[in-house]
Amino acid sequence: MSKKLIRAALAAAMALTMLILPSGEVSYAATRQSAPEYINVGLRFGSSAAHSVNLSSQDELEASETGGKSLADLGEEQVVLTKDTAPYHIELDGSFDTFSDAISELRDMDIEEGYAYYDGSWKIYIGSYSSSDDADTYAQELYEQFGGKYSFEAVEAQGRNINVSAGSGDIIMSYDTGKGVQLESASGYPVSVDGKKYRGSIICKRLTSGDITVINRVRLEEYLYGVVPKEMSGSWPVEALKAQAIAARNYTVISLGKHSSQGFDICNTTDCQVYGGYDSEAKNSNAAVDATAGRFMTYDGSLVQAFYHSNSGGMTENSENVWSAKLPYLRGVSDEFSLGAPNDSWSVALSSDQLQTLLAGSNVDIGDLKGVNVTQKSDNGRVIELEVVGSQGSKTIQKESIRKVIGYNTLKSTYFDLQTSAGAQQGVKVISASGIKSLDTSQAKVMSYAGDKISWGTISGTFVQNSTKKAQFTISQEAAQQYVFNGRGWGHGLGMSQWGAKNMADSGYSYIDILKHYYTGVEIE
Ligand SMILES: [Zn+2]
């Protein structure tokens, strides 16, 4: 396969993650020392929180304290976690040191509906009851059944409880999810969560009695195994993947705490970084993570916000020309490495109607669209201000917001030139010494000899003439029918160009060369 074909195939296969910084606000405080060994990744949360969760592994599952000692061998390779929705249970008086102690006591008592319950210590719970009266009644019956040897009491269930059941439906154990319990393979195999495998352990929480929030507690470096191939094809050269691994590691540590109110550090979607877990891992990307383990990119001792994009189009951009924050390491640099790669140049044509619809969809209200003008560009070539002119006034759209209005996939970058169809320019004719000429009306105003402004609405039928020729103002309000955006690159243009990184790696550059090319004045440490 030719190099060009390989690139095209990879472009089609790759899902690119663009990091969008909505406010331009940037955290600047994180350092290498902020990096934890383990992180908590939200897998299902908020509106995607689960009613029930299936966990399985190649070996028996166990429950343990978060990051600590083992609590219970569940004796099953597959369990189902469900919310405990019963309002009341019966609790056997007294507690047990271990899960096994509770289970053996239960066997001795031979109570079928009994199970071990953990809320910091082990207890025995019996049955589910809809009212405290029902529970009290049965507690009394049990007391009599055991001839007063044991005492029982009705307890109101915690809204945070989760039941762990075997395939048979029998409850193996139940626990208060506020007490720091995790489930994992006893032999360290990945755990499958509803069919998708993850390294590390699984923590399930019920926030405000709601559905189950599913969290993967995993070593930072193993988390990156599941992130890097989601950002850059795992088959790409390892030096490019190492640069991507550093970018992802930096991003992770800077973003920790973003979801603390939901009980985890970082989520698994484009909101943070897409994380595919064990199933998405690839040999080259795992090798890239290992080779750069514990290494970060810093500027002046602080972790760099390592933004990246698909293709720079030949020039990267200053951060303040895309969002608002000015970051010293996000400066525009010339980038010939991105040329010849997919989307190094592109063109998209939008009709006036299409553009009008997009503007209305973003509440840019200017009446009927009359024209669009690029009014400011950065030194690096990206559009900073786009003026849209309508029958009810004009508005200016700035920087990356231009892509937000037109669509991030339609307008692949703000690195574009704008070409309009000829209609507006030919609309008004004037007579000059060299004959009748069309007038560019984009900035023009028409006034009478006396200085009265002639409005566009009354201009039709007005003639201008010199001694030999006469011309009519033929139209008044005809706007361009089509706008053609001729652009370069894909993405915001900040920091590393992924295709540029690939071409640098193919040309023998190291990941350090790549990072230092795209991030100005940084250190890799
Ligand atoms: Zn997130």
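Biologist: At what angle do the axes of helix H6 and helix H7 cross?
Modeller: In this predicted model, the axis of H6 (residues 238–255) crosses that of H7 (residues 283–291) at roughly 60°, and the two come within 8 Å. The two helices are therefore oblique to each other. Their crossing is right-handed.

Biologist: Which residues of H6 meet H7?
Modeller: On the H6 side they are Val 238, Leu 241, Lys 242 and Ala 245. They meet Asn 284, Ser 285, Ala 287, Ala 288, Val 289 and Ala 291 in H7. By class, this contact has seven nonpolar, two polar and one charged residues.

Biologist: Turning to strands, is S16 mostly covered or mostly uncovered?
Modeller: Strand S16 (residues 212–219) is mostly covered, with seven of its eight residues buried.

Biologist: How many bridges does S16 form with S1, and how many with S15?
Modeller: Strand S1 (residues 38–44) pairs with S16 over six bridges, in the antiparallel sense. Strand S15 (residues 201–206) is also antiparallel to S16, over six bridges.

Biologist: Which residues are bridge partners there?
Modeller: Asn 40 has Arg 217 in S16 as its bridge partner, and Lys 205 has Thr 213 in S16.

Biologist: What lies between S15 and S16 in their hairpin?
Modeller: There are five residues between the strands, and Thr 208 takes a positive phi near 45°.

Biologist: What is the strand order in the sheet with S18?
Modeller: The order is S19-S18-S32, an open sheet of three strands with antiparallel pairing. Strand S19 (302–303) and strand S32 (523–524) each have a single partner strand, so one side of each is left without a neighbour in the sheet. S18 (residues 297–299) and S19 pair over two bridges, and Tyr 299 stands opposite Ser 302 in S19.

Biologist: How many bridges join S25 to S30?
Modeller: Five bridges join S25 to S30 (residues 482–487), and the two run antiparallel. Thr 420 stands opposite Tyr 483 in S30.

Note on methods:
Residues numbered from 1 in each chain as written. Predicted model: local features only at pLDDT ≥ 70, side-chain atom pairs only at ≥ 80, totals over all residues. Axes fitted to C-alpha atoms, helices over the stretch in contact; angles between N-to-C directions. Helix = DSSP H or I, 4+ residues; strand = E, 2+ residues; numbered from the N terminus. Parallel < 35°, antiparallel > 145°, perpendicular 65-115°, else oblique. Left-handed = near helix turned anticlockwise from the far one by under 90°. Contact = placed C-beta atoms within 7 Å. Nonpolar A, V, L, I, M, F, W, Y, C, P; charged D, E, K, R; others polar. Pairing = 2+ DSSP bridges. Buried ≥ 20, exposed ≤ 12 C-beta atoms within 10 Å, placed from the backbone.
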